[in-house]
Amino acid sequence: MGISQLTLVIGGAASGKSAFAESLVLQSQKSPVYIATAQVFDDEMAAKVARHRDLRGTGWTTIEEPINVGQALEQITAGQTVLIDCATLWLTNLLLGKHDIAAASANLLGAMRRCRGPVVVVSNEVGYGIVPENALSRSFRNAQGTLNQTIAAEADTVVTVIAGLPMVLKGSP
């Protein structure tokens, strides 16, 4: 089974979306590349990153890039499949760093279109909760919803993962 040029894997926190996305990348039979957007600021996040790395195992090339994911995509060759994990942490990094989110998102989408290898993007669905209490949280929720919709519109395949179970929303994995 072939992999789409651009696949979005979306779901709630701890839904199994990263594990599913990793399995898609490995099915491509190309060299797997993991673009990690997380920044480690505390012991809890360090443990989460270590757990993800251990679960992936060996054989992955890891690029740690919290902001310039588009630049990282320029390094990908036709013989590689890339996993961006995740768009939510990337967006958080932009928002907290007071970057131009619209410009950065446009840059990312352009880089995904130009990428020489298939791209799988993991992102959190944040629209199921209540309206957040504070302005920063509402701004994040709105920006995440816009980013998810933009990536989904461009993607050949969109899969949601709930309780470890993938459901295809668009295309076919």
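Mentor: Let us start with a definition: a residue is buried under 20% relative accessible area, exposed over 50%, and partly exposed in between. Keep in mind that this is a predicted model.

Trainee: Why does Val-168 count as partly exposed?

Mentor: Its relative accessibility is 42%.

Trainee: What does the radius of gyration of the protein chain agree with?

Mentor: A compact globule of 173 residues would have a radius of gyration near 16 Å; the protein chain has 15 Å, so the value agrees with that of a compact globule. Along the principal axes, the C-alpha trace spans about 45 × 35 × 35 Å.

Trainee: How many helices and strands does the protein chain have?

Mentor: There are six helices and seven strands. From the N terminus on, they run β-α-β-α-β-α-β-α-α-β-α-β-β.

Trainee: What share of the contacts joins residues at least 24 apart?

Mentor: Counting contacts between residues at least 6 apart in sequence, 75% join residues at least 24 apart.

Trainee: What makes a set of residues a nonpolar core?

Mentor: Its members are buried nonpolar residues joined through side-chain atoms within 4.5 Å. The largest such core has 32 residues, and Leu-73, Met-112, Val-119 and Val-121 touch the most other members. Several elements supply at least two residues each, among them β1 (6-11), β4 (80-85) and α6 (135-154). The largest share, six residues, comes from α5. Another core, of 14 residues, lies apart from the largest one and includes Trp-60, Leu-83, Val-159 and Val-161.

Trainee: Which residues does Val-119 touch?

Mentor: Leaving out residues up to four places away in sequence, Val-119 touches Gln-5, Leu-6, Thr-7, Leu-73, Val-82, Ile-84 and Met-112.

Trainee: And how much of the chain is buried?

Mentor: Buried residues make up 44% of the 173. As for the surface, the chain exposes about 9000 Å², with carbon and sulfur atoms supplying 55% of it.

Trainee: Where do the charges come in?

Mentor: The chain has 13 positive and 14 negative side chains, and the centres of the two sets lie 5 Å apart.

Methods: Residues numbered from 1 in each chain as written. Predicted model: local features only at pLDDT ≥ 70, side-chain atom pairs only at ≥ 80, totals over all residues. Heavy atoms only, no water. Helix = DSSP H or I, 4+ residues; strand = E, 2+ residues; numbered from the N terminus. Rg over C-alpha atoms; globule rule 2.2 N^0.38 Å. Buried < 20%, exposed > 50% of the residue type's maximum accessible area, 1.4 Å probe, protein only. Contact = heavy atoms within 4.5 Å. Areas by Shrake-Rupley, 256 points an atom, 1.4 Å probe, with all protein chains shown as cover. Lys, Arg positive; Asp, Glu negative; His and termini not counted. Charge placed at Lys NZ, Arg CZ, Asp CG, Glu CD.
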